[in-house]
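Here is a friendly walk through one protein model.

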Amino acid sequence: MPNVDVKHMNIKIVLPVAIVVALVIGVVIGHFLPIPGGAGSTSVLGKTAVSEAELDSPIGSYTVDGKTENITARQVLDSSTGVDGAKQKDGTYTLPSMDKTFAYARNQVILKGAEAAGFSAYAKKNLQTDDYEAIGKQYGFSADATKELLRQAVVIQKYRESVITTKLPATPTMPTAPSDGNQDTATADYAKYIIDLAGDEWSADKNTWASTDGPYYKALNGYSISNDSATYEAALEAYKVAGSNYQQVAAQATAEWRNAANKLLEKSSVSIYSLAL
């Protein structure tokens with residue numbers, strides 16, 4: 001899926017936005033069930049492809065706070081493959097799968113929750129661009145669909161950041177391998193790399209470990225390390241510790257987001273009229 005770097009917010013949005021949300025949220029059983037042949041669905045019932053005129057026919061619906069909104073084939077396609085991407089040689093359009101329709105519905109439920117919480121997004125201010133045609137053209141999305149996808153993504157990202165209390169550390173980067181291939185050569189750069197990651201576990205004043213019960217000490221106590229000397233091999237071990245720590249914190253953040261999102265989903269319901277796979 002394409003990446004769009006939203007520089008103003010220092011985040012990366014991945015299109016299609018509906019799939020972003022769906023990947024981290026579980027389906028709430030009992031609220032999200034396929035119901036073939038719902039109200040207003042007769043034009044798509046039993047079909048796997050539709051004419052251009054039928055793209056705006058309902059293929060499902062979702063209900064939030066007692067208000068029901070129809071889901072059209074065009075809306076789901078605009079948030080997943082793009083309408084043109086679903087066009088077949090005979091001029092008809094492949095209906096989006098149930099999975100894509102569920103993803104769209106879940107995304108809309110969370111979007112409405114985010115908007116109800118007061119979050120919004122504006123093109124120039126939040127995205128630093130208004131050239132939606134150029135962005136969308138790369139991936140088969142229309143300018144209008146691209147603009148809306150990015151708006152939704154920013155709103156949901158703002159909401160996500162507001163409900164997650166876990167603070168992610170910086171993503172660790174691997175140390176640069178020695179140019180001569182000798183991993184046993186000790187350098188000040190590798191020492192700095194390790195000490196920066198170890199933080200309070202290292203005492204620069206004492207030129208040794210400040211504590212012996214931390215994860216970095218446990219992984220690196222067998223290596224010779226000082227303020228200005230450490231090997232690439234030791235730096236790699238430090239990188240592994242940093243990566244493990246990051247994954248643990250990221251898992252906590254993901255769990256927080258999943259719980260917050262599911263609280264919104266539990267109050268909603270989704271019906272799917274099309275059984276396209």
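## The second largest pocket

The second largest pocket has a volume of about 220 Å³. A pocket here is an open set of points on a 1 Å grid over the protein atoms alone, where a 1.4 Å probe fits and protein lies on both sides within 12 Å along at least five of seven lines. Grid points are joined across faces, edges and corners, and the volume is the space filled by probe spheres set on the points. The model is a predicted one, in which local features need pLDDT of at least 70 and side-chain atom pairs count only at pLDDT 80 or more, while totals for chains, interfaces and linings use all residues. Residues are numbered from 1 along each chain as its sequence is written, and side-chain values use heavy atoms, with hydrogens and water left out.

Which residues line the second largest pocket? They are Q157, R160, E161, I164, T166, K167, L168 and A253, where a lining residue has an atom within 4 Å of a point. Helix α6 gives the most to this lining, with three residues. By type, the lining divides into three nonpolar, two polar and three charged residues (Ala, Val, Leu, Ile, Met, Phe, Trp, Tyr, Cys and Pro count as nonpolar, Asp, Glu, Lys and Arg as charged, and the others, Gly among them, as polar).

## Aromatic pairs

The structure holds five aromatic pairs (ring centres of Phe, Tyr and Trp, the last by its six-membered ring, within 6.5 Å; planes under 30 degrees apart are stacked, over 60 edge-to-face, the rest tilted). One of them joins Y159 and W257 edge-to-face, at 6.0 Å centre to centre and 70° between the planes. Y159 lies in helix α6 (residues 143-163) and W257 in helix α9 (residues 232-266), so the pair ties together parts that are 98 residues apart in sequence. Helices are DSSP runs of H or I with at least four residues, and strands are runs of E with at least two, numbered from the N terminus.

Y159 is buried at 10% relative accessibility, and W257 is buried at 2% (buried is under 20% relative accessible area, exposed over 50%, partly exposed in between, with a 1.4 Å probe and protein chains only).

## Two positive phi values

Most residues other than glycine have a negative phi. D65, in the loop between β5 (58-64) and β6 (67-72), has a positive phi near 50°, and D65 is exposed at 71%. N207 also has a positive phi, about 60°; N207 sits in the loop between β9 (202-203) and β10 (208-209) and is partly exposed at 34%.
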